[in-house]
Amino acid sequence: MVRELKIHNNLSRKKETFTPIEPGKVKFYSCGPTTYDFLHIGNARALVVGDLFNRVLKAFGHEVTFVRNYTDVDDKIIARAKEVNQNAIEFAAHWVDEVKKDMDSLGMKPASHTPKVSETMPEIIEMIQDIIKNGSGYVVDGEVLFNVPSFSTYGKLSKKDLDSLQHGIRVEVESHKKNPSDFVLWKPAKEGEVFWDSPWGKGRPGWHIECSAMAKKFLGKTLDLHHGGIDLMFPHHENEIAQSEAANKCNFCNNWVHNEFLNFGTEKMSKSLGNVITIRKFVETYGGQVLRHVLLSVHYRARLEWIDEVLQRGIDEVRRIHEFAIEAKSYKAIGVGACDPEIEKCIDKMMDELSNDFNSAGALGQYFTFLRFVKNVKDNLSDASLKQVHATNAFVAEVLGLINGNPEEVLKQLQKNDQNTSDSGVDAAWIEQLIEERKLVKAAKNWVRADEIRNELTAKKIVLKDNPDGSTSWKIQG
Ligand code: AMP
Ligand code: ZN
């Protein structure tokens, strides 16, 4: 049986009862990462939130076809591959493999389909042809552009008004456009760049068309749910709608959901700002379970400020949950009897929270109430109560992924990190993290933040030494 789920739909900006086109079957697309480097923990938020939606939809009784793409054709990929003298597609494939390792460490369930742009070229070209045929695309010197004013409902997702958009964009820079807001569907390849043959010459797709084509390939013309980070709402998702609806002549997607940012300080964590912590580095220190936990301990539409207290609370909660998971395995029932109502209610309460726009934070709160209660009555459990304790833990593992299948391993990693911290009297992982961040902000010429980091460490009597080989070592001031 399918249970009712309410979702905040960004098309209407309202919480609505979720009704898939075909009852019990959900067509779900989530915009995946661009693969040219290690992902950061802001990207992890988008990945883990997509994974949450997939799991919750299934728990609510839906059969889900979940598509999450890899963007493996992109300007940044081409530029980076060139720097290391590598073929751009092979270079991106290497990073897809690295991203997969990160996803595994975050305990993500596999998607139904994970297409790459490089493997979707025929569908992309066909869709561009349909857009041109239907009067919304035009060709200028081997480049194909989308004629935005030809699509009368442009702006319906981002609530942007076409007139003000047209005036807000400078035309001189890109004078081949018929209208300032027009965007690229296909661009000619420059000398030495990766290319595909097309009716318009050798080239490659613009960024937005890939998702329209991949969604259609695996989900058909109309989707039930589409997700991405909030930064993708405009222009990416707005352009996806325009392309798909112009090509297919029908509604593209009924429900749009966007996760808020993970911020570092007051700014969005992003590679271009140089303020990133990579998933890999974080997981090496604390384990993926802590990252997953922190990311799901706030509602996906709330901003998440990455501060020490958030991390510390995450560590403490992961420890409590996994100690409890181990302890509960050894509980014994005192005899036959009914289930304690407090214990019986927990899964239902978590489902209620999740039915309210995927409120994972609320569900986690319910679980902690349950955990405290069970610990108090653990010597007095009936057989039915004990069974329900195990069922509740299994639910948290399956639907939220907040109990790891190997709790001993999770605790071991936390202990190792504690050990490193107490051996030196300082938090070595924290220092290493700041050193890594300083390296990145220096590369991005963000000297203010680089100085801030040095000062922050100096205040704790940690002295940094920049070595000739580019590495940085640290010691405690004697
Ligand atoms: P990108 O590889 O930059 O296209 O990003 C992949 C996904 O991560 C997109 O859905 C972005 O919206 C999302 N994303 C990037 N940075 C952040 C951040 N700081 N917080 C939350 N989501 C982010
Ligand atoms: Zn996309």
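**Rings and charges**

Guide: The charged end of K160 sits over the ring of F234, 4.8 Å from the ring centre, where sitting over a ring requires NZ of Lys or CZ of Arg within 6 Å of the ring centre and within 35 degrees of the ring normal. K178 is placed likewise over the ring of Y138, with its charged end 4.4 Å from the centre. This is a predicted model, in which local features need pLDDT of at least 70 and side-chain atom pairs count only at pLDDT 80 or more, while totals for chains, interfaces and linings use all residues. Residues are numbered from 1 along each chain as its sequence is written, chains are lettered from A and ligands numbered from 1 in the order in which they are written, and side-chain values use heavy atoms, leaving out hydrogens and water.

Visitor: What makes the pair of F282 and Y286 tilted?
Guide: A pair of aromatic rings is described by the distance of the centres and the angle of the planes. Rings of Phe, Tyr and Trp (its six-membered ring) pair if their centres lie within 6.5 Å, and planes under 30 degrees apart count as stacked, over 60 as edge-to-face and the rest as tilted. The structure holds 17 aromatic pairs. For F282 and Y286 the centres are 4.9 Å apart and the planes at 40°, so this pair is tilted.

Visitor: Which residues do ring pairs link into a cluster?
Guide: F28, F53, F66, Y300 and F358 are linked in this way.

Visitor: Which side chains does E210 join through polar contacts?
Guide: A polar contact is a pair of N or O atoms within 3.5 Å; within protein, one must be able to donate a hydrogen and the other to accept it, and residues adjacent in sequence count only if both atoms are side-chain atoms. The side chain of E210 has such a contact of 3.2 Å with that of N69 and one of 2.6 Å with that of T71.
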